[in-house]
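Dear colleague,

Please find below the structure that I am handing over to you.

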Amino acid sequence: MARFSGATWRPVPSNFTKGGQDSVYGVVIHIMDGSLVGTDSWFRNSEAQASSHFGTGRNGALYQWVDTGDRAWAQAAGNRTWLSVENEGRGGDSLTDTQLDRCAEVLAWAHKTYGVPIQVASGVNGRGLGYHAMGGSAWGGHTSCPGSRVVAQLSEIVRRAKSIAGEGDSGGSPGGPYTVKAGDTLSGIGSKLGVKWQALADLNGIKSPYVIKPGQVLKTSKPKPTYEPFPGADWFKRNPKSPVVTAMGKRLVAEGCSAYSSGPGAQWTDADRESFRKWQRKLGDAPAYCDGWPGKKQWDALKVPHVS
């Protein structure tokens with residue numbers, strides 16, 4: 001039997017194979033396409049015929065539903081040899097910063113418990129950190145799980161797991177993560193890194209009496225802002241309805257380029273196009289490039305915040 005002490009134990013009554021975990025090649029990342037609460041409920045329904053060893057919430061919660069000595073039902077032919085982590089969110093989402101931390105903690109624990117190498121797996125016969133779609137049809141044919149944005153974050157999960165396991169950068173300089181060692185205090189860490197201990201506490205949500213534990217990974221600086229990638233010129237011409245449009249509109253308003261009488265909202269409208277035309281003119285682009293349809297350079301210059 002193996003249970004991760006860093007996870008909340010929420011065993012499901014069915015939908016798993018007792019003692020069925022033949023081996024552990026690594027950890028597979030999934031996206032729930034739903035909420036942590038909803039998934040927790042679904043796994044308890046005998047008709048679901050599905051489960052996962054672990055699950056994360058976007059706010060940082062970590063559940064363990066199935067003992068890792070037992071086989072969860074998450075990725076078909078991959079169930080016998082891989083552990084699974086479902087992550088709260090929808091297709092196309094990125095994992096939140098706290099979800100990245102929780103996934104890294106699971107990978108570091110699997111490394112310690114089963115000798116899983118802390119690396120991105122090369123495929124279904126490799127070892128390390130994998131993702132559902134890599135298994136193709138044999139793993140259920142879920143080619144959009146967990147999505148390209150999450151797959152792009154696998155290397156960051158590996159980096160954080162190495163830090164937790166003491167194999168990577170332990171945070172010897174400001175800006176990187178710092179792994180707490182025995183005898184460390186917030187004030188001592190702050191002095192070492194040239195960061196105020198109060199700032200470290202605020203950044204990591206540590207409250208009085210400011211207790212930290214060996215192995216805990218601390219952020220030492222605020223993450224750099226991330227921006228929404230350019231969705232493509234044709235995307236706008238299909239009259240999309242998306243929170244990306246809302247985020248774009250808010251940036252245009254902030255830049256003084258509003259043509260909105262109300263909003264902005266999620267539905268692309270003529271007001272969005274006219275507002276973007278104002279932005280193109282503000283950039284000083286030639287008239288031929290001020291038609292209101294976003295181009296990549298114009299979009300990148302607007303710095304639309306990433307939509308979770």
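The notes that follow describe what was found in this structure.

The model is predicted, so local features are reported only at pLDDT of at least 70 and side-chain atom pairs only at pLDDT 80 or more, while totals for chains, interfaces and linings use all residues. Residues are numbered from 1 along each chain as its sequence is written, and side-chain values use heavy atoms, with hydrogens and water left out.

Aromatic residues

The structure contains 15 aromatic pairs. Rings of Phe, Tyr and Trp (its six-membered ring) are paired if their centres lie within 6.5 Å; planes under 30 degrees apart are called stacked, over 60 edge-to-face, and the rest tilted. Tryptophan 109 and tyrosine 114 form an edge-to-face pair, because their ring centres are 6.1 Å apart and their planes stand at 85 degrees. Burial is judged by relative accessible area: buried is under 20%, exposed is over 50%, and partly exposed is in between (1.4 Å probe, protein chains only). Tryptophan 109 is buried at 12%, whereas tyrosine 114 is partly exposed at 29%.

Phenylalanine 236 and tryptophan 299 are a tilted pair, since their ring centres lie 5.5 Å apart with the planes at 55 degrees. Helices (H or I, at least four residues) and strands (E, at least two) are DSSP runs numbered from the N terminus. In those terms, the pair links distant parts of the chain, with phenylalanine 236 in helix 7 (residues 233-237) and tryptophan 299 in helix 10 (residues 296-302), 63 residues apart. Both phenylalanine 236 and tryptophan 299 are buried. They belong to one aromatic cluster formed by Phe230, Trp235, Phe236, Trp268, Trp293 and Trp299.

Elsewhere, arginine 10 lies over the face of tyrosine 63, at 5.2 Å from the ring centre. The criterion here is that NZ of Lys or CZ of Arg is within 6 Å of the ring centre and within 35 degrees of the ring normal.

Salt bridges

There are 17 salt bridges in the structure, each being a side-chain nitrogen of Lys or Arg within 4 Å of a carboxyl oxygen of Asp or Glu. Glutamate 105 and arginine 102 are joined by one of them, at 2.8 Å from N to O. These two residues both lie in helix 2, three residues apart, or about one turn of the helix. Glutamate 105 is partly exposed at 23%, and arginine 102 is buried at 17%.

Glutamate 156 and arginine 160 make another salt bridge, with their closest N and O atoms 2.7 Å apart. The two are separated by about one helical turn, because they are four residues apart in helix 4 (residues 154-165). An α-helix has 3.6 residues a turn, so residues three or four places apart point the same way. Glutamate 156 is partly exposed at 22%, while arginine 160 is buried at 13%. Both take part in a network of salt bridges that links Asp97, Asp101, Glu156, Arg159, Arg160 and Lys219.

A further salt bridge joins arginine 251 to glutamate 255, with 2.9 Å between the closest N and O atoms. Arginine 251 is buried at 19%, and glutamate 255 is partly exposed at 24%.

Serine 94

Serine 94 is placed in the loop between strand 7 (82-87) and helix 2 (97-114). This serine is buried, with a relative accessibility of 12%. Its side chain makes a polar contact of 3.4 Å with that of histidine 306. A polar contact is a pair of N or O atoms within 3.5 Å; within protein, one must be able to donate a hydrogen and the other to accept it, and residues adjacent in sequence count only if both atoms are side-chain atoms. Apart from neighbours within four places in sequence, serine 94 is in contact (heavy atoms within 4.5 Å) with Arg58, Arg149, Val150, Gln153 and His306.

Helix 9

Threonine 269 caps the N-terminal end of helix 9, where a side-chain oxygen lies 3.2 Å from the backbone nitrogen of alanine 271. The buried residues of this helix are Asp272, Ser275, Phe276, Arg277, Trp279 and Gln280, and their cover includes helix 8 (243-254) and helix 10. Just after helix 9, glycine 284 takes a positive phi of about 80 degrees.

With kind regards
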